[in-house]
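The sequence and structure come first, and the text follows.

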Amino acid sequence: MSISQWHKMILVGAILSCVGFSSSALSRPWKPTAAQIASDYASINHNRGNGDVVTIGWWAAPTARPGTQLVPIFEKYVLISVTHSHINLKEPATGLHFDNIDTLEVRDKSGNALTPVEQDALPPADIGLLATFEAGYRQGLGPRGKGTKFFVFDAGAVRACEKGGISVPYGGETYTWETPFPGCSQ
């Protein structure tokens, strides 16, 4: 095998390791905490085939460590992250590409659209916490994190630990969560 072929194999392996895997896809948690159970439920990974992967997450209060400053923010707002990645399986050396997602729609269980909230319209403390959260997420996941877009919505009556749910139409699919989340204390 030539060095060029070896480099291409390493590149393909590195790219594929970034595509569409969550911790639950790799193994099942042993004695998971309530937050781990909620986090597994909150993340949707959709391998659409041919190198096309959509990952959508609802960052809800039960996914955060109890007592952290993110809990009240995740109760007041619905924070959704979306990553839509593509890899050319015929020519993987061309790399991993991400869609630039400008807008997103979120609906409550009754089909009513949630109101988007521009991050600069949030209180300064919330802006700082969300900016720190998003930066940590992006840095922690490298290229995949940089391809992730976050959207903030006024939660209205939506609560992750109460009966209801949300739906997110995106890319010809409608991704859904039923609530209460698994892992919510009843």
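Apart from neighbours within four places in sequence, Trp 58 has contacts with Ala 42, Thr 63, Val 78, Leu 79, Ile 80, Val 158, Ala 160, Ile 166, Trp 177, Thr 179 and Phe 181; contact means heavy atoms within 4.5 Å. The model is predicted, so local features need pLDDT of at least 70 and side-chain atom pairs count only at pLDDT 80 or more, while totals for chains, interfaces and linings use all residues. Numbering starts from 1 along each chain as its sequence is written, and side-chain values use heavy atoms, with hydrogens and water left out.

Trp 58 is also among the residues with the most contacts inside the largest nonpolar core, together with Ile 56, Val 78, Ile 80 and Phe 181; this core has 26 residues. A nonpolar core is a set of buried Ala, Val, Leu, Ile, Met, Phe, Trp, Tyr and Cys residues joined through side-chain atoms within 4.5 Å. Buried means under 20% relative accessible area, exposed over 50%, and partly exposed in between (1.4 Å probe, protein chains only). At least two residues of this core come from each of helix 3, strand 2, strand 3 (77-87), strand 6, strand 7 and strand 8. Helices (H or I, at least four residues) and strands (E, at least two) are DSSP runs, numbered from the N terminus. A second, separate core of 15 residues includes Val 71, Phe 74, Val 117 and Phe 133.

In helix 3 (residues 34-42), the buried residues include Ala 35, Ala 38 and Ala 42. These three sit on the same side of helix 3, because they cover an arc of only 65° around the axis, taken from the directions from the helix axis to the C-beta atoms. Strand 1 (43-49), strand 2 and strand 8 are among the elements covering the buried residues of helix 3.

Thr 63 lies in the loop between strand 2 (52-59) and helix 4 (70-76). Beyond its neighbours within four places in sequence, Thr 63 touches Ala 35, Ala 38, Ser 39, Ala 42, Trp 58, Phe 74 and Phe 181. A polar atom of the Thr 63 side chain is 2.5 Å from the backbone oxygen of Ala 60.

The structure has one disulfide, meaning a pair of cysteine sulfur atoms within 2.5 Å. Cys 161 and Cys 184 form this link, with their sulfur atoms 2.0 Å apart. Cys 161 is in the loop between strand 6 (148-154) and strand 7 (164-170) and Cys 184 in the segment after strand 8 (173-179), so the link ties together parts 23 residues apart in sequence.

| Residue | Relative accessible area | Class |
|---|---|---|
| Thr 63 | 14% | buried |
| Cys 161 | 34% | partly exposed |
| Cys 184 | 10% | buried |

Conventions
Polar contact = N/O pair within 3.5 Å; in protein donor to acceptor, adjacent residues only side chain to side chain.
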